[in-house]
Amino acid sequence: MLFTLAHWRDVIAHRPTSELDLAKVELMLKKDAVPLIREFSEELKISLSDFFGSEEMRLSKLSQQLTNREKFETEMNQMLANHKAQWERSTNAEFTSQANNLTSTLLKHSGVDFSYDGIPCPACGNLCVVRIEPDYDYADGESYLSGVYAEQLHCYYCGLNMDTYEALDFVNVDGLLASTYEDA
């Protein structure tokens, strides 16, 4: 963070401020200002609320949310890279054939309350399986189908498995599913 601040200071002092990436500046200030000021406050023995006033709790919460999001994104990108590397190291033709058969079989299967669809795996690019479930709403004492949602993604080639909304949203499963229907 200090190197980034030094760089921005150099831009402000010696070059046009249009060279600043304002989105990155804003993100860093929102994420890192509170922890930085907190450390200075502790060292100088002044209250954090003396600096932030009534906004202390809101800014602390925002900082923590952005820090958590950054950590989540880093972990997700690492997981995708690990699965991609795992697939790239795989040279077993029998394993590939098994993965292909499992994927094909599941994509032909559906039940009363679920179905499977295929999309490119966000890690290795092979066809992976997404389990889709119906979403029902209720009105006037009756239920009706209001849409579908992705519940799980599994790639039999690289072993990627995702089953949380956050993970599925991170790899844009809804967008990938929509594009397969647009291409069809």
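What radius of gyration does the chain have, and what would a compact globule of 184 residues have? The chain has a radius of gyration of 24 Å, whereas a compact globule of 184 residues would have one near 16 Å. The model discussed here is predicted.

## Overall architecture

Along its principal axes, the C-alpha trace of the chain spans about 65 × 55 × 35 Å. The secondary structure consists of seven helices and four strands. Their order along the sequence is α-α-α-α-α-β-β-β-β-α-α. Of the contacts in the chain with a separation of 6 or more, 45% are accounted for by residues 24 or more positions apart.

## Surface and charge

Buried residues make up 27% of the 184 residues in the chain. The chain exposes about 12,700 Å², and carbon and sulfur atoms supply 53% of this area. With regard to charge, the chain carries 15 positive and 30 negative side chains. The centres of these two sets lie 9 Å apart.

## Cysteines

How many disulfides does the structure hold? The structure holds zero disulfides. A disulfide is a covalent bond between the sulfur atoms of two cysteines. The criterion applied to the model is a pair of cysteine sulfur atoms within 2.5 Å. Cysteine 128 counts as buried, with a relative accessibility of 0%, and cysteine 158 counts as buried at 1%.

## Buried residues within helices

Two helical positions illustrate burial in the model. Valine 11 is found in helix 1, which covers residues 2-14. Valine 11 is buried, as its relative accessible area is 1%. Leaving aside neighbours within four places in sequence, valine 11 is in contact with Pro16, Thr17, Glu19 and Leu20.

Threonine 103 lies in helix 5, residues 93-107. At 2% relative accessibility, threonine 103 counts as buried. With neighbours within four places in sequence again left aside, the contacts of threonine 103 are Leu127, Val129, Tyr156 and Tyr157.

## Loop residues with positive phi

Where in the chain is lysine 45 found? Lysine 45 occupies the loop between helix 2 (22-44) and helix 3 (48-52). Although lysine 45 is not a glycine, its phi is positive, at about 60 degrees. Asparagine 172 is found in the loop between helix 6 (165-170) and helix 7 (173-183). Asparagine 172 is not a glycine either, and has a positive phi of about 60 degrees.

Is lysine 45 buried or exposed? Lysine 45 counts as exposed because its relative accessibility of 72% is over 50%. Asparagine 172, at 43% relative accessibility, counts as partly exposed.

## Summary of accessibility

The table collects the accessibility values of the residues discussed above.

| Residue | Relative accessibility | Class |
|---|---|---|
| Valine 11 | 1% | buried |
| Lysine 45 | 72% | exposed |
| Threonine 103 | 2% | buried |
| Cysteine 128 | 0% | buried |
| Cysteine 158 | 1% | buried |
| Asparagine 172 | 43% | partly exposed |

Technical notes. Residues numbered from 1 in each chain as written. Predicted model: local features only at pLDDT ≥ 70, side-chain atom pairs only at ≥ 80, totals over all residues. Heavy atoms only, no water. Rg over C-alpha atoms; globule rule 2.2 N^0.38 Å. Buried < 20%, exposed > 50% of the residue type's maximum accessible area, 1.4 Å probe, protein only. Contact = heavy atoms within 4.5 Å. Areas by Shrake-Rupley, 256 points an atom, 1.4 Å probe, with all protein chains shown as cover. Lys, Arg positive; Asp, Glu negative; His and termini not counted. Charge placed at Lys NZ, Arg CZ, Asp CG, Glu CD.
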